[in-house]
Each structure stands twice: as C-alpha cells, then as structure tokens.
Amino acid sequence: MSILEVAEAVEKFALNYGKRHLSGKRSLERIVFPKIVLVIQKAYRKNASGFHFEEQQWRARIDIPSSNFEENGSMVVACVYKDLHDLLLTDQVIRSETDHQRYINSRIMAVTMDPKPEKLEENVILKFKNLKLTEEDETILKIITYVGLSLSIVGILLTLILYSCLTDVRQPLSQIRLSVSMSLGVGQIIFLAGISDTEHKAACVSVAALVQYFLMVAFCWMLVEAIYLYFFVVKVYNINTKMYMYHVTSWGLPMIMVAISLGIAAGKEGLQSYTSDKYCWLSSTNNLIWIFVAFVAFIEILNMLILVRVIKEMTNLVQPTAEDNHFQQIRLGIKACVVMIPLLGVTWLFGLLSPVHKAFAYIFTILNSTQGLLIFALHGMRDTQIRERFERKMNIVFPFHNSTRKSPHVNPSEVGNVWAVELQS
C-alpha cells in the first residue's frame, strides 16, 4: 500500500505542477527519467485527437477521447513506471475467482484528470504488455543471437581467408566480398563484446557508435554488390575503374551518419541519450534508431529491386520447353534468390516486421545472426572457382591427391569470373 501511496503522491504533484505551469501555447510537458516517463497536458474538449500517450520501449499506451474533457480544459497526467512492479509480490495470487488466478505481470501505469468527470462519455483505454512472456522471448532471442553471431564470426573469418588466398584481390568482386565480410565481422565482434556494458556510459556510447558505423559500412558494400551484379548480368559492364569511388563512399558515408546521430543526441539531452538504458545500442526514446532503420530500409529496398531485375534477366536466358512448363526458369530464379539474399542483407527487412508479430523477430534474429555463416557456405564453400583453386593447392602440397572435378567453362582471368562461375553452377 505504501508503494501505491507514493505513486499517488507523484500524480498529485504532477497535477499541481501542470496547473501552475501549463497554459496558453505551452500545454504539454513530457518528462523522461530512467525509471518513470511522465506526461502532463492541458486538454480541451474541442481537441478532436484527444489525449494519446505511448511508451514503445516499455510497451504501454493510454488513450483518452476528448469528449471526457471539460470545455475550458482538463489537466491530464499519465505516467508509466519502468520497474515499480518488481517491488510488489508478483509471484503471489492477487485474487482468485473460481478457476481464474490473477497475478501482477505488467508494468504499472496510471492516468488521472482534474477535474474528474462524473461520468466518462467514452471509454479510457489502457494497453498493457504481458512481461513474463516478453522476458522469456527475450531470453531465447538473446541465446539465439549469441550462438548465431559466434558461428557467423567463424564463417566470416573463413570467408576472409578463402577470398584472400584463393581469389585475385585486385578484382572488383573479391574487394566487395572482402569488404562486406570484414565490416560485418568487426561490427559483430564489437556487438558481442560490448552490447551489455551499460554501466560504463562512455564505453557504451563508443560501442553503439562503432556498431552503427560498421553495420552501415556493411550495408553500403551490400549495395555495391547489388550494383556490381546488375552491371554484370544486365548491362555487361565493367566497374573496375569505379572501385575507388565505391571505397570512398562505402567507408565515408557511414562516418557522416554516425556523426549526425551523435550530434543530435548531444544537442538534445547529452551524449548519454545516444544509447538505450538496456543495451549499448541506438536509443528509441529520442528516435535516433530511425536514422539507422531508414538507412537500412532504403538500401534493402534498392537491393530487392535490383535482385528482382537480375533474376528476371537470368530466367529470360533460359528457354523452357513445353514439357518442363517453365520449371527450369522458376528453379533458377529461386536458386539465385536464395544464394544472394544473405549477401545483400535482404533478411534485415524482417526486422521492420518484428513489431507485427514475434515470429518475425525470431526469423530476423536467426537469419541475421548467422549471416556470416551463410555467406561462407553459399559464396565460399559453394563457389566453384574457389574449390578448384583449393584443390590445385592441395595437389601441390599432396601430389597423390587427384581431383576428378571438371574445370568450369569460364576463363579465370576474365573480369567478374567468380560471378560467371556462380551463375553457371
């Protein structure tokens, strides 16, 4: 009871604050603390939108229709407590009715109005989120992330070794694949090492900034991969002379984006607002996360459009007979899509759908935490040219080892030879 009395005292204090300080043009005050989010508003019946309060990070929402307000204005206070529920006996039954048992299993939030209406004209809606289910899901997703990223880093290291030792690093495609793998791998290593180090704020901001930078660099190189693929398959054009431009853009543009994010955070509430309270990652409370989301969404939409155009061009090269009923075209299109999706990062689009249903969060976590492993499997082990060069080296080290594989019908010295072999296989 004493905990709830303190919460009620906070509401009364906020009401008195609003009466003294909110009037005229200044009709809204939003106060954010680590443990509580408080909104105070002078609301009027003529306001058609009513009162709307939502805290996405804590998954709480309050809606009050404007018909419940006075003509000359009502003072409204809404607050959400981050962990006040932890102080209560959440594991004990509050009330038992026949077969139903009730527990406290959500964050505590409150809303009050002054003057209080004698009767509500329309319903006040409060939306809660079941925390115990959420915590279980977060634990499972965290395990998947750490295991998947560990495998991904191993796959990236193997990919770097293969492309460095078994391909011509002067060729555009080798440079692109090495750059994608290196930036993605460094970002994942920093993520694993420091994502939970929220106690040291300076280190936490540094981790978040570096992860943002290297992930953005990786996405820039994924776009370059898509551009290379488009020119090679559709336009039959050599981008070798433009590689310096792609290097400058891919490594330089993300640096500008991170600087903008840090500048916005510093200008609002200080650099500590750059990260969230729970992880060393971009904060959602001041909307910094949307800079990264918009950047990723823009690149992935471009990649999707390019991939569709390339697959259409590839399937047109295959002339199906009446017997197979276009089966060969469909198979080629699906195969090309599956092969290229990890390298172009298209699976990150599932992250945009994760608020819709938790199934998308699981798909997103599984596919993206293992992205490096998929790149190694589909563009390292599967690559015909890399396998043949590996076998030739093995023949030199172990002369008794004889390979029976046939060589690909592509000249290894041609520009884009790796892509030609991949398309052929």
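At 27% relative accessibility, Phe-350 counts as partly exposed in this predicted model.

Another stacked pair is that of Tyr-228 and Phe-232, whose rings are 6.2 Å apart centre to centre, with 10 degrees between the planes. Both residues are located in helix 4, four residues apart, or about one turn of the helix. Tyr-228 is buried because its relative accessible area is 4%, under the 20% cut-off. Phe-232, with a relative accessible area of 22%, is partly exposed. Beyond these pairs, one aromatic cluster is formed by Phe-219, Trp-281, Phe-292, Trp-348 and Phe-364.

The largest nonpolar core holds 60 residues, of which Phe-219, Trp-221, Tyr-274, Trp-281 and Phe-292 touch the most other members. At least two residues of this core are supplied by each of helix 3 (172-194), helix 4 (201-235), helix 5 (243-268), helix 6 (289-316) and helix 7 (327-344). Helix 4 provides the largest share, 23 residues. The contacts of Phe-219, with residues up to four places away in sequence not counted, are Phe-292, Phe-295, Val-296, Ile-299, Glu-300, Gly-345 and Trp-348. Another core lies apart from the largest one; it comprises 15 residues, including Val-37, Ala-60, Ile-62 and Val-76.

Seven salt bridges are found in a search of the whole structure. One of them joins the side chains of Arg-177 and Glu-225, at 3.0 Å from N to O. Arg-177 is in helix 3 and Glu-225 in helix 4, so the bridge ties together parts that are 48 residues apart in sequence. Both Arg-177 and Glu-225 are buried.

A further salt bridge connects Asp-114 with Lys-19, the closest N and O atoms being 2.2 Å apart. Because Asp-114 is part of strand 8 (residues 109-114) and Lys-19 is part of helix 1, the pair ties together parts that are 95 residues apart in sequence. Asp-114 is partly exposed at 25% relative accessibility, and Lys-19 is partly exposed at 47%. Helix 1 (residues 2-21) also contains Lys-12 and Glu-8, which are separated by about one helical turn because they are four residues apart. The side chains of Lys-12 and Glu-8 form a salt bridge with an N to O distance of 3.9 Å. Glu-8 has a relative accessible area of 42% and is therefore partly exposed.

Leu-373 is placed in helix 10 (residues 371-381). With a relative accessibility of 33%, Leu-373 counts as partly exposed.

Definitions and conventions: Residues are numbered from 1 along each chain as its sequence is written. This is a predicted model: local features need pLDDT of at least 70, side-chain atom pairs count only at pLDDT 80 or more; totals for chains, interfaces and linings use all residues. Side-chain values use heavy atoms; hydrogens and water are left out. A nonpolar core is a set of buried Ala, Val, Leu, Ile, Met, Phe, Trp, Tyr and Cys residues joined through side-chain atoms within 4.5 Å. Buried means under 20% relative accessible area, exposed over 50%, partly exposed in between (1.4 Å probe, protein chains only). Contact means heavy atoms within 4.5 Å. A salt bridge is a side-chain nitrogen of Lys or Arg within 4 Å of a carboxyl oxygen of Asp or Glu. Rings of Phe, Tyr and Trp (its six-membered ring) pair if their centres lie within 6.5 Å; planes under 30 degrees apart count as stacked, over 60 as edge-to-face and the rest as tilted.
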